[in-house]
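Good morning, colleagues. Please take a moment with the sequence and the structure on the screen before I go through them.

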Amino acid sequence: MQKDDVRLRFGSAVKAARNQLKISQDELAYRAGLHRTYVSDIERGARNLSLASIEKLAAALKVSVPTLFTTGVPGLVVEILMVEDNHYDVELALGAFARAKCANRIHVVPDGVAALEYLFGAEGVRTPQRGDLPRDLPGLILLDLHLPKISGLEVLRRLKADHRTRSVPVVILTASQMDRDIAECRRLGVHAYIVKPVDLQGLSRVTPEFSLHWALLGPGTTGTPA
């Protein structure tokens, strides 16, 4: 495994464990005796790791050191934002995830305005804002192109225009491979798309380059989308 991959996976695990405790980067830095920028860099996979800092973070997060390096732990599991206005398509997608025993948290919003509010906050819908975003970004966005209020294509343009959200993986949801907007999506750097309805198998086929991890539950357990 490449060193960069280790850093990215460790950073994802730290972020997920922090989210489970519902604490900020500042709080984690305080508990671990580290600088906040150092914690932020670790979560982005941009810092080399020392044994001392790993042990401090594990103690602050109340997990063991091996947990932060184990594939399949919550830190390596993506949270999904689904932007879709068709209730039938949403139900089909959520049903497919449930049948596949997929426990990834899925948050659904019904239109472009709601998507921008979720990602940037209420003021960010009209005017791009600087500084911190209102919440941690999802690990994957499933974006329908034909949305009410603000189109999916405009949402995508704003995502790619903002340095804070530019790197979030996006999969386009479309009713047809012949959708004329797909060419514009490709111009914006998004090449992954799924012809609806959405299912886990379809996502797994189009997202290998994202290095995403799916939480598959064992027999007799269930996951609840958000």
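I begin with strand E1, which is covered on both of its faces. Ile 80 and Met 82 are buried on one side, and Leu 81 and Val 83 are buried on the other. Please keep in mind that this is a predicted model.

Which strands pair with E1? One is E2, which runs parallel to E1 and is joined to it by four bridges. Within that pairing, Val 83 has Val 109 in E2 as its bridge partner. Another is E3, again in the parallel sense and again over four bridges. Here Ile 80 has Leu 140 in E3 as its bridge partner.

Five strands make up an open sheet, in the order E2-E1-E3-E4-E5, with parallel pairing. Strand E2, residues 106–109, and strand E5, residues 193–195, are the edge strands; each has a single partner, so one side of each has no neighbour in the sheet. On average, and ignoring direction, neighbouring strands in this sheet are turned by 20 degrees against each other. Further along the order, strand E3, residues 140–144, pairs with strand E4, residues 170–174, in the parallel sense through four bridges. Leu 143 is opposite Ile 172 in E4.

For the chain as a whole, the count is nine helices and five strands. Read along the sequence, the pattern is α-α-α-α-β-α-β-α-β-α-β-α-β-α. Of the 226 residues in the protein chain, 45% are buried. Among contacts with a separation of 6 or more, 65% are between residues 24 or more positions apart.

I turn to the helices that accompany the sheet. Helix H5, residues 87–99, lies across strand E1, residues 80–83, and E2, and runs at about 155 degrees to E1. Helix H7, residues 152–161, lies across E3 and E4, and its angle to E3 is about 145 degrees.

Helix H6, residues 112–120, deserves a separate remark. Seven of its nine residues are buried, so H6 is largely enclosed by the rest of the structure. Those buried residues are Gly 112, Ala 114, Ala 115, Leu 116, Tyr 118, Leu 119 and Phe 120. What covers them? The cover includes E1, E2, E3 and H7.

Thr 165 sits in the loop between H7 and E4. Is Thr 165 buried or exposed? Its relative accessibility is 1%, and the cut-off for buried is under 20%, so Thr 165 counts as buried. Apart from neighbours within four places in sequence, Thr 165 is in contact with Phe 120, Leu 133, Leu 137, Arg 158 and Leu 159.

Ile 182 belongs to helix H8, residues 182–187. Beyond its neighbours within four places in sequence, Ile 182 contacts Thr 174, Ser 176, Gln 177 and Tyr 193. Ile 182 and Ala 192 are ten residues apart in sequence, and their C-alpha atoms are 9.5 Å apart in space.

Two packed helices are described by the angle between their axes and the distance between the axes. Helix H2, residues 25–32, packs on helix H3, residues 36–43, at an angle of about 110 degrees, with the axes 8 Å apart. That makes H2 roughly perpendicular to H3. The crossing of H2 past H3 is right-handed. On the H2 side, Gln 25, Asp 26, Leu 28 and Ala 29 take part, meeting Arg 36, Val 39, Ser 40 and Glu 43 in H3. By class, this contact has three nonpolar, two polar and three charged residues.

How does H2 pack with H4? The angle between H2 and helix H4, residues 51–61, is about 115 degrees, with their axes 8 Å apart. H2 is therefore roughly perpendicular to H4. H2 passes H4, too, in a right-handed crossing. Leu 28, Arg 31 and Ala 32 in H2 meet Lys 56, Leu 57, Ala 60 and Leu 61 in H4. This contact has five nonpolar, no polar and two charged residues. Leu 28 takes part in the contact with H3 and in the contact with H4.

Thank you for your attention.

Methods. Residues numbered from 1 in each chain as written. Predicted model: local features only at pLDDT ≥ 70, side-chain atom pairs only at ≥ 80, totals over all residues. Heavy atoms only, no water. Axes fitted to C-alpha atoms, helices over the stretch in contact; angles between N-to-C directions. Helix = DSSP H or I, 4+ residues; strand = E, 2+ residues; numbered from the N terminus. Parallel < 35°, antiparallel > 145°, perpendicular 65-115°, else oblique. Left-handed = near helix turned anticlockwise from the far one by under 90°. Contact = heavy atoms within 4.5 Å. Nonpolar A, V, L, I, M, F, W, Y, C, P; charged D, E, K, R; others polar. Pairing = 2+ DSSP bridges. Buried < 20%, exposed > 50% of the residue type's maximum accessible area, 1.4 Å probe, protein only.
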